[in-house]
Amino acid sequence: MSENWNSDLLSCCDDMKSCCYGLWCCPCLACTVSGLFGQNRCLPLCDICSPAVMSAFGIPLCVPPAGLALRVGIRQKYEIKGSLCKDIATSCVCVWCSWCQLHRELKYRNHTPAVVNQPKK
């Protein structure tokens with residue numbers, strides 16, 4: 001069964017800490033998201049370096065590879081509704097909002113309540 005994202009793409013006010021973190025240092029937020037998802041924290045730096053390297057060889061690159069890969073990976077792992085086409089559009093059009101949404105989603109998914117069992121006397 002598929003479910004929706006925990007928060008909408010533009011729901012930055014739902015988690016002001018994530019929003020401010022992304023606003024003031026989006027590359028740092030991207031590296032944090034990558035680490036939270038169990039990937040190399042430096043992976044999002046490919047999104048910064050790739051366009052410059054590719055354009056040096058005359059190949060235009062408009063899709064951020066790491067951001068797209070992590071978005072698809074998170075959506076697949078948690079069985080979130082969506083499509084590759086929507087992931088590409090989101091990753092290209094609103095990079096900052098996408099990273100904030102991924103951060104909110106991982107914080108929500110990784111938050112597991114503690115269960116305490118007390119022995120009966």
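Me: I'm new here. How many helices and strands does the secondary structure come to?

Reply: Keep in mind that the model is predicted. The protein has 6 helices and 0 strands. Reading from the N terminus, the order is α-α-α-α-α-α.

Me: What share of the 121 residues is buried?

Reply: Buried residues account for 36% of the 121 residues.

Me: Okay, helix packing. What describes two packed helices?

Reply: The general idea is that two packed helices are described by the angle between their axes and the distance between the axes. Now take a case here: α2 (residues 26-36) packs against α6 (residues 95-110) at an angle of about 35°, and their axes are 9 Å apart. The crossing of this pair is left-handed.

Me: Which residues make that contact between α2 and α6?

Reply: From α2 come Cys26, Leu29, Ala30, Thr32, Val33 and Leu36. From α6 come Trp96, Trp99, Cys100, Leu102, His103, Leu106 and Asn110. Sorted by class, the contact has 10 nonpolar and 3 polar residues, with no charged ones.

Me: Can we zoom in on histidine 103? Is it buried or exposed?

Reply: Histidine 103, found in helix α6, counts as buried because its relative accessibility is 7%, and buried means under 20%. Not counting residues up to four places away in sequence, histidine 103 touches Ser18, Leu29, Thr32, Val33 and Leu36.

Me: At what angle do α4 and α6 pack?

Reply: That angle is about 35°, with the axes 11 Å apart. α4 passes α6 in a left-handed crossing. On the α4 side you'll find Gly67, Leu70, Arg71 and Ile74, and they meet Ser98, Trp99, Gln101, Leu102, Glu105 and Leu106 in α6. This contact divides into 5 nonpolar, 3 polar and 2 charged residues.

Me: Serine 98 turned up there. What is serine 98 in contact with?

Reply: Leaving aside neighbours within four places in sequence, serine 98 is in contact with Leu9, Arg71, Thr90 and Ser91. Serine 98 sits in helix α6 and is buried, at a relative accessible area of 3%.

Me: Which residues line the largest cavity?

Reply: The lining is made of Pro64, Gly67, Leu68, Ser91, Val95, Ser98 and Trp99. α4 (65-77) and α6 each supply at least two of the lining residues. The largest share, 3 residues, comes from α6. By class, the lining has 4 nonpolar, 3 polar and no charged residues.

Me: Where is arginine 75, and what does it touch?

Reply: The place of arginine 75 is in helix α4. Arginine 75 counts as buried, with 7% relative accessibility. Apart from its neighbours within four places in sequence, arginine 75 is in contact with Trp5, Ile80, Lys81, Gly82, Ser83, Leu84 and Asp87.

Me: How do I compare sequence separation with distance in space?

Reply: Arginine 75 and glutamate 105 are 30 residues apart in sequence, and 9.7 Å apart in space from C-alpha to C-alpha. Another pair is cysteine 46 and glycine 67: 21 residues apart in sequence and 9.1 Å apart in space, again C-alpha to C-alpha. Cysteine 46 lies in helix α3 (residues 45-56) and is partly exposed, with a relative accessible area of 37%.

Me: Last one: backbone angles. What is the phi of glutamate 79?

Reply: First, the general idea: most residues other than glycine have a negative phi. Glutamate 79 has a positive phi of about 55°, although it is not a glycine. You'll find glutamate 79 in the loop between α4 and α5 (84-93). Glutamate 79 is partly exposed, at a relative accessible area of 46%.

Key
Residues numbered from 1 in each chain as written. Predicted model: local features only at pLDDT ≥ 70, side-chain atom pairs only at ≥ 80, totals over all residues. Heavy atoms only, no water. Axes fitted to C-alpha atoms, helices over the stretch in contact; angles between N-to-C directions. Helix = DSSP H or I, 4+ residues; strand = E, 2+ residues; numbered from the N terminus. Left-handed = near helix turned anticlockwise from the far one by under 90°. Contact = heavy atoms within 4.5 Å. Nonpolar A, V, L, I, M, F, W, Y, C, P; charged D, E, K, R; others polar. 1 Å grid on protein atoms, 1.4 Å probe; cavity = no way out; pocket = protein on both sides within 12 Å on 5 of 7 lines; lining within 4 Å. Buried < 20%, exposed > 50% of the residue type's maximum accessible area, 1.4 Å probe, protein only.
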